[in-house]
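Reader: Could you walk me through this model, one question at a time?
Author: Gladly; here it is.

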Amino acid sequence: MKEVVIKNIMLSIRNNTDYTEQKLNEIKYGLESLYLTLTKIGVIYVISIILRTYKELSLIFLFYGILRLTGFGIHAKSTKECWIASLLVFVPFPYLLKLIVIPKYINIILSLIGTMLLLIYSPADTVKRPLIHKKKRIMYKVITTLLANIYTVIVIFTKNNILSNTLTFSIILEMAMVLPISYKLFGLTYNNYLNYKERRIN
């Protein structure tokens, strides 16, 4: 199904534009990512409706998604790995965060640790999307850290347990996505912009 949809879209783009092959490949990659994301979110939301955790899931998608926009981080090597990882994270955790009452000081400590590590290690790029511009890397780092600080302030002052849990979890999840050890565990290269620069020099 995916191949048919993307093939028809790409055929239409080829026939109606004069894009280079490189540009067309970039568009195709983007379409594949979008298709995978929409399909995955749809399935996870169906499960969350059954489990009655769609509100918690929506909060996690919102808060984590905002951090992910500028913090970036690891991507699975294959569609299968992406599905497995997404199901393991976004199905059980919203359910747990809804049920478990975590002491405020624990959430605050975890949020502060996560924010500190995001300051150190974000943004983290991938082989397919190396962050080659230094100014942009600095900008992304500042925005990501600022957002995590805002989340932490909300965690400190909110009396809503679910809001506190989902904000803290979003910080910790994004932190895990940018740590060098996470890249190492999944067999991925870290600081890919350095390799890109080396290739350009050679």
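**Charges, helices and loops**

Author: The side chains of Arg 14 and Glu 21 meet in a salt bridge, with N to O at 2.9 Å; a salt bridge is a side-chain nitrogen of Lys or Arg within 4 Å of a carboxyl oxygen of Asp or Glu. Before we go on, this is a predicted model, where local features need pLDDT of at least 70, side-chain atom pairs count only at pLDDT 80 or more, and totals for chains, interfaces and linings use all residues. Residues are numbered from 1 along each chain as its sequence is written, and side-chain values use heavy atoms, with hydrogens and water left out.

Reader: Thanks! How many salt bridges does a search of the whole structure find?
Author: Arg 14 is partly exposed at 42% relative accessibility, and Glu 21 is partly exposed at 46%. Here buried means under 20% relative accessible area, exposed over 50%, and partly exposed in between, with a 1.4 Å probe and protein chains only. These two residues form a salt bridge, and the count for the whole structure is 1.

Reader: How many helices and strands are there in the protein?
Author: Helices (H or I, at least four residues) and strands (E, at least two) are DSSP runs, numbered from the N terminus. Along the sequence the pattern reads α-α-α-α-α-α-α-α-α-α. The C-alpha atoms fill a box of roughly 55 × 45 × 30 Å along the principal axes. The totals are 10 helices and 0 strands.

Reader: Which residue caps the N-terminal end of H8?
Author: Look for a side-chain oxygen 3.0 Å from the backbone nitrogen of Ile 162. Ile 162 lies in H8 and is partly exposed, with a relative accessible area of 24%. A polar contact is a pair of N or O atoms within 3.5 Å; within protein, one must be able to donate a hydrogen and the other to accept it, and residues adjacent in sequence count only if both atoms are side-chain atoms. The capping residue is Asn 160.

Reader: Arg 137 is buried; which side chain of opposite charge is nearest?
Author: Arg 137 is found in helix H7, residues 134–157, and belongs to the buried residues of that helix, which include Tyr 140 and Thr 144. Arg 137 has no salt bridge, but a polar atom of its side chain lies 2.8 Å from the backbone oxygen of Leu 131. For charge, Lys and Arg count as positive and Asp and Glu as negative, while His and the chain ends are not counted. At 6.6 Å away, the nearest side chain of opposite charge is Asp 125.

Reader: Which element gives the largest share of the nonpolar patch?
Author: The patch is formed by Val 46, Ile 50, Leu 51, Phe 93, Tyr 95, Leu 96, Leu 99 and Ile 100, with about 730 Å² of accessible area together. Helix H2 (21–51) and helix H5 (92–99) are the elements that give two or more residues. Patches join residues with over 30% relative accessible area and no salt bridge, like charges within 9 Å and nonpolar side chains (Val, Leu, Ile, Met, Phe, Trp, Tyr) within 5 Å; areas come from the Shrake-Rupley method with a 1.4 Å probe, and for residues only the protein chains shown count as cover. With 4 residues, the largest share comes from H5.

Reader: Is Phe 72 buried or exposed?
Author: Phe 72 sits in the loop between H3 and helix H4 (79–90). Its phi is positive, about 55°, although Phe 72 is not a glycine. At 14% relative accessibility, Phe 72 is buried.

Reader: And which residues does the cis peptide bond join?
Author: Pro 123 is found in the loop between helix H6 (104–121) and H7. With omega at about -10°, the cis bond joins Ser 122 and Pro 123.
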